Amino acid sequence: MIGPQERWYRHVRRKHARSAHHLPTRAYACHACAAPWPCRHARLALLTSFRGDRVGLMVYLGAHLARALEELPDTHAALIAGQILYWLPRRR
Ligand SMILES: [Zn+2]
C-alpha cells in the first residue's frame, strides 16, 4: 500500500504528463515523455483535435511519416509506418 506522499507524487506526475506538449523530437520520440511518438497523450490529443476529420489526420500523419523516414534512415520503413500510422482505429 502506498502512502499519501507517494500518491501525491504520482498525481503530480500524471498531471504534468497530461498538460505537457507531447511533440516529436527529430528521432520521433516524444519530447515530454520520451515514448515513441505519437505517445498515448499525443494520440489522444490528435484524435480529439482532428475529431471527425480522419482524412485530415491521415494527411497530417503522412507528412510526419515522410519526415520520419528522412530522419531515421537506419530504421525499417515498416516499423516507422507502424509507429506513426497504424495506431489509428479502423473506420467502421
Ligand atoms: Zn508523450
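At what angle do α3 and α4 pack, and how far apart are their axes? The angle is about 145°, and the two axes lie 10 Å apart. The model is predicted. The protein chain holds 4 helices and 0 strands, in the order α-α-α-α along the sequence. Its radius of gyration is 16 Å, well over the 12 Å that the globule rule gives for 92 residues, so the chain is more spread out than a compact globule.

**Overall dimensions and contacts**

- The C-alpha trace of the protein chain spans about 45 × 35 × 20 Å along its principal axes.
- Of the 92 residues in the chain, 10% count as buried.
- Taking contacts in the chain between residues at least 6 apart in sequence, 23% join residues at least 24 apart.

**Packing of α3 and α4**

- The crossing of α3 and α4 is right-handed.
- On the α3 side, the contact is made by Leu61, His64, Leu65, Ala68 and Leu69.
- On the α4 side, the contact is made by Ala77, Ile80, Ala81 and Ile84.
- By residue class, this contact of α3 with α4 divides into 8 nonpolar, 1 polar and no charged residues.
- Threonine 75 sits in the loop between α3 (54-71) and α4 (77-84).
- Threonine 75 counts as partly exposed because it has 14 C-beta neighbours inside 10 Å, a number between the limits of 12 or fewer for exposed and 20 or more for buried.

**Nonpolar core**

- The largest nonpolar core has 7 residues: Tyr28, Cys30, Trp37, Ala42, Leu61, Ala68 and Ile84.
- Leu61, Ala68 and Ile84 of this core are also among the residues that make the contact of α3 with α4.
- Alanine 42, one of the core residues, touches His22, Cys30 and Trp37 when residues up to four places away in sequence are not counted.
- Cys30 and Trp37, two of the residues touched by alanine 42, belong to the core as well.

- Most residues other than glycine have a negative phi, and most peptide bonds are trans.
- Tyrosine 28 has a positive phi of about 60° and is not a glycine.
- Tyrosine 28 is in the loop between α1 and α2, and it counts as buried because it has 20 C-beta neighbours inside 10 Å.
- Alanine 34 also has a positive phi, near 70°, in a residue other than glycine.
- Alanine 34 lies in the loop between α1 and α2, and it counts as exposed because it has 10 C-beta neighbours inside 10 Å.
- The peptide bond from tryptophan 37 to proline 38 is cis, with omega near 0°.
- Proline 38 is in the loop between α1 (4-19) and α2 (40-49).

**Exposed positions and C-alpha separations**

- Threonine 25 is in the loop between α1 and α2, and it counts as exposed because it has 12 C-beta neighbours inside 10 Å.
- Threonine 25 and threonine 75 are 50 residues apart along the chain, and their C-alpha atoms are separated by 15 Å.
- Arginine 51 is in the loop between α2 and α3, and it counts as exposed because it has 9 C-beta neighbours inside 10 Å.
- Arginine 51 is 18 residues from cysteine 33 in sequence and 24 Å from it in space, C-alpha to C-alpha.
- Valine 59 is placed in helix α3, and it is exposed because it has 11 other C-beta atoms within 10 Å.
- Valine 59 and cysteine 39 are 20 residues apart in sequence, with 18 Å between them in space, C-alpha to C-alpha.

Definitions and conventions: Residues are numbered from 1 along each chain as its sequence is written. This is a predicted model: local features need pLDDT of at least 70, side-chain atom pairs count only at pLDDT 80 or more; totals for chains, interfaces and linings use all residues. A nonpolar core is a set of buried Ala, Val, Leu, Ile, Met, Phe, Trp, Tyr and Cys residues joined through C-beta atoms within 7 Å. Two residues are in contact if their C-beta atoms, placed from the backbone, lie within 7 Å. Helices (H or I, at least four residues) and strands (E, at least two) are DSSP runs, numbered from the N terminus. Axes are lines fitted to C-alpha atoms, for helices over the stretch in contact, and angles run from 0 to 180 degrees between N-to-C directions. A crossing is left-handed if the near helix is turned anticlockwise from the far one by less than a right angle, and right-handed if clockwise. Ala, Val, Leu, Ile, Met, Phe, Trp, Tyr, Cys and Pro count as nonpolar, Asp, Glu, Lys and Arg as charged, and the others, Gly among them, as polar. The radius of gyration is taken over C-alpha atoms; the globule rule is 2.2 Å times the number of residues to the power 0.38.
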